[in-house]
Amino acid sequence: MEHLIKLNQKNLAKVAKNIPCPTYDRSKVKAGIVHVGIGGFHRAHEAFYTDQLLHDEGNNDWGICGVALLDFDTKIYNTLKEQDGLYTLVIKELDGTLTRRVIGSIVECLYAPENPMQVIEKMASADIKIITLTITEGGYNYNEATEAFDFDNPQIQYDLEHPSAPKTIFGYLTQALKQRQKHNLAVTIQSCDNIKGNGDLAKRMLLSYVEKAEPELMTWIEEHVSFPNSMVDRITPATSPVDISNLNAATGVDDAWPVVCEPFHQWVIEDEFKAGRPAWETVGARFVEDVDPFEKMKLTLLNAGHTVLGVLGALRGCSTIDEAVHNKDIRTFLKLYMDLEVTPTLSDLEGVDLDKYKETLLNRFGNVYMKDQIDRICSESSAKFPIFVLPTVNAQLAHDKHVDFAALVVAAWAIYSLGKDENQQDLIIKDVMHDALAKQALLAKDNPAVFLELESIFGKLKTSDIFVAAFTKAYKVISENGIQQSVIKWNKSALKHG
C-alpha cells in the first residue's frame, strides 16, 4: 500500500494526474449546507450535484458540512476526516466501463456523538442556509399504525431529558432552531430520503417533538423554516472491498471509502427555500411547484420494484438485484406488478411516459456491473413496505382492484422473516423490528394472516377480507411450491386473464 497516493487535500494535485479532481479552490468554499447522514447515497447524489455546481466560482457559499449523527457512523466519519472530505465517485456504466471522479463538495465533517454542541452550533450558524437529511425511512420516528410521532422511543425520551446532548435528529434540530430564533435566522430543512411527502413528514414529526420539547418555538418555525418535498433517485449499492481494491489498482490512489453508483440520477425539488439556495437546476436538478406525482411514481415503481426483487430474490437464493431481475419469471412478475397494480394508481402524471420509465427501471435493475446486494435492499423492510408497497395496496383496495401480486410479495416477506431461503441457507436480516417479525412469522406458519397483525407496519390491512384472502392464498402456494413456481403460476394467471 506504500506506493499508493493517499487521497487527501495535500495530495490532490498528484491524484489529479490519475483521476479527474475538483478544479475549484476548496479553501475558498465555505459550508452553506449542513447535511446529516453522509453515507453512500448522499455522496452519490446531493454532494455530486453540489460538486458540479462549485466549479462555478459564484457558488463558493454552498459547500457541505457533513454530520455523522450516530455511533454507527464512526467509520465513515473517520474516513472522510482523514481524506479531508474527499472521495471517489465510481459510476458503473451499462456497458461495464467505469467513470471516476473525485468529489470535493464536503468541506467539513463533524461527529455528533463526540461533540453534540458543536453540531448544534453549526446548524445554528448564520452561514448555514439549508439543513439536508438522509436519515433513512426509519429515522423519522413515525408509527404507521397511529400515523403519529413515536414518543415511546427511548432515544426520544433521552433527548427530552438531555436537550443539550441529544441523540436524535429531532433533538439536534430543535436546539439549533432555538438558537436561530434568537437571531431570527430563517432556514430550510430539506429531506432527501425515499419517502412520499418527505418534507411534509419531516415538518410534522419535528413539530410533534418541538411541541413537547420547546413549545414556544412552534410559531417561529411555522414562519421562518421551510420543508420542501423532494424526489431523489440514484441506485447506490454498498461499496465492496473489491470496489476499493479495483480503484486502488487501476488508479494508484488510496481511497478508503469510494462510492459506486449507476449513471442515472434524478432530483426533483419543490422551490420553497427560506434563506436562498444553490442553483442546482444548472447541473441537472429540477425545481417544481408540486413534487408529489414524481415521488409517487418513483417510490411505488423503483423503490417498490427493488423490494419485490429483493424479497423474491432472497428466497430464491439470489445475492444481487441484477441476478434476481435476470430470472425471467421474476422479471415478468415485476413487470406485471407494475402494470396491473401500480400503474392504475399513477393517473395524475402528466407528460411522463410511464411505459418508458418502467422499461428503463428494468434495465437499471439489470445492470450486471452494479452488484447491488439483496441484503442491502431488504434491510429495514419494516420501514420500507409501508412506504413503497402498502400505499399501492390500499389505493387498489379502495377501488376494488387487483392486489394479488402485492399479496404474494407480502407473503414472501413473511416467509423470508423466518430467516431461511429455499435452500435452507441463513438469510442476513437487518431490521429494527427483527424480533417482532420473526415472532409473527413463526405464528404465521399455522395461521398466515397473523403476520398482518403487525399494526405498526400494516395498519388496518388485517381488516380487509380481500387482502387477507389473497395473502393467505399466496402464503400457502409459496409454502407448498416455492417462489419460482408460485411466480410462474401468478404470471400465467394474469396473462391468461389479460
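1. A disulfide is taken here as a pair of cysteine sulfur atoms within 2.5 Å, and by this rule the count comes to zero disulfides. Cys192 is in no disulfide, the nearest cysteine sulfur being that of Cys65, 15 Å away; Cys261 is likewise in no disulfide, with the sulfur of Cys192 nearest at 16 Å.

2. The model is predicted, so that local features need pLDDT of at least 70 and side-chain atom pairs count only at pLDDT 80 or more, while totals for chains, interfaces and linings use all residues. Residues are numbered from 1 along each chain as its sequence is written, and side-chain values use heavy atoms, with hydrogens and water left out.

3. On accessibility (buried under 20% relative accessible area, exposed over 50%, partly exposed in between, with a 1.4 Å probe and protein chains only), Cys192 counts as buried at 2%, and Cys261 is buried at 0%.

4. The structure holds 16 aromatic pairs, where rings of Phe, Tyr and Trp (its six-membered ring) pair if their centres lie within 6.5 Å, with planes under 30 degrees apart counted as stacked, over 60 as edge-to-face and the rest as tilted. One of them joins Trp267 and Trp280, whose ring centres are 4.5 Å apart with planes at 45°, so the pair is tilted. Trp267 is buried at 1% relative accessible area, and Trp280 is buried at 0%.

5. Phe48, Tyr49, Trp267 and Trp280 form one aromatic cluster. The charged end of Arg234 sits over the ring of Phe48, 4.6 Å from its centre, the criterion being NZ of Lys or CZ of Arg within 6 Å of the ring centre and within 35 degrees of the ring normal.
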